[in-house]
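User: Please take a close look at the site where the ligand sits. What surrounds it, and which parts of the chain supply the surroundings?

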Amino acid sequence: MPKAFVFDLDGVITDTAEFHYRAWKRLADEEGIPFTREDNEQLRGVSRRQSLLLLLKGRVLPDDQMEALMARKNDYYRAYLSEITPRDLLPGVGAFLREARACGFKLGLASASKNARDVIVKLGIADLMDAIGDGYSVSNPKPAPDLFIWVAGRLDVPPAQTVVFEDAEAGIEAALAGGMYAVGLGPPSRVGKAHLVLPNLDGVTVSAVLNALPEKP
Ligand code: B16
Ligand code: MG
């Protein structure tokens with residue numbers, strides 16, 4: 001029987017992808033690098049450094065220049081964070097979190113973002129989280145299972161009793177590699193390897209998720 005639910009942030013709890021896109025796009029335009037919305041899809045769930053490497057399409061820069069570009073993108077991104085309010089929770093998320101807590105489940109966040117804590121404070125759900133894993137918590141990013149293992153450890157729940165909610169293929173791989181249940185939110189082409197695939201959490205209840213999961217992850 002699962003005891004904990006662990007959530008990715010971007011694409012699961014809220015859609016920060018649009019803000020990440022606008023920030024990378026501004027940087028790319030300033031630097032004369034072609035970058036489209038389609039290119040941005042590859043950055044879903046990917047760390048800031050890895051995103052920049054993808055944006056540079058194989059161009060190698062000295063580390064101080066990499067750091068400066070990442071800092072600039074982050075400044076642009078953070079300017080958008082002031083716009084986030086509880087209305088930016090994706091449909092069904094607030095109800096699902098409250099129901100899960102009322103049923104006694106432990107709740108955790110596992111995001112690649114170094115801004116994750118600020119985002120969930122703005123969304124008004126920081127108090128619902130028993131553990132917060134973010135871009136500072138571990139050094140191996142998803143698809144390594146490290147971040148999910150780290151959060152499950154903080155929740156004091158074994159991986160096999162932890163259910164991960166993810167919208168990125170790398171996140172599903174990370175959950176499975178960690179021996180956890182995986183619920184994929186989005187198209188099967190992206191999250192089809194999960195134990196359960198749903199379009200989103202709108203109208204989804206805790207019992208519907210539990211009943212759809214196999215006996216063991
Ligand atoms: P930051 P998630 C990820 O969030 C985003 O999907 C990805 O686009 C972003 O580059 C990454 O966080 C790092 O974010 O620059 O704020 O540290 O899906 O892991 O919640
Ligand atoms: Mg995500």
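Analyst: Helices here are DSSP runs of H or I with at least four residues, numbered from the N terminus. The model is predicted. In those terms, two helices, α3 (48-55) and α4 (63-81), each supply at least two residues of the shell around ligand 1.

The shell holds 19 residues in total, and V46, A112, S113, K114 and N115 are the closest of them. Sorted by class, seven are charged, seven are polar and five are nonpolar.

On the scale of domains, the shell draws on both domain 1 (4-15 + 87-212) and domain 2 (17-81), so ligand 1 lies between them. The space that ligand 1 takes is the largest pocket.

From the side chain of D8, an N or O atom is 3.0 Å from an oxygen atom of the ligand. V46 uses its backbone instead: one of its backbone N or O atoms lies 2.7 Å from an oxygen atom of ligand 1. A112 also takes part through its backbone, with a polar atom 2.7 Å from a ligand oxygen. As for cover, ligand 1 on its own has 470 Å² of accessible area, and the protein covers 98% of that.

The loop between α3 and α4 contains K57. This residue is not a glycine, yet its phi is positive, at about 45°.

In the loop between β3 (131-133) and α7 is P143. The peptide bond that joins K142 to P143 is cis, with omega about 20°. The loop between α7 and β4 (162-166) contains D156. D156 has a positive phi of about 60°, and it is not a glycine either.

Methods. Residues numbered from 1 in each chain as written. Chains lettered and ligands numbered in written order. Predicted model: local features only at pLDDT ≥ 70, side-chain atom pairs only at ≥ 80, totals over all residues. Heavy atoms only, no water. Near = heavy atom within 4 Å. Polar contact = N/O pair within 3.5 Å; in protein donor to acceptor, adjacent residues only side chain to side chain. Areas by Shrake-Rupley, 256 points an atom, 1.4 Å probe, with all protein chains shown as cover. 1 Å grid on protein atoms, 1.4 Å probe; cavity = no way out; pocket = protein on both sides within 12 Å on 5 of 7 lines; lining within 4 Å. Sits in = over half its atoms within 2 Å of the grid points. Nonpolar A, V, L, I, M, F, W, Y, C, P; charged D, E, K, R; others polar. Domains from an automatic or database assignment.
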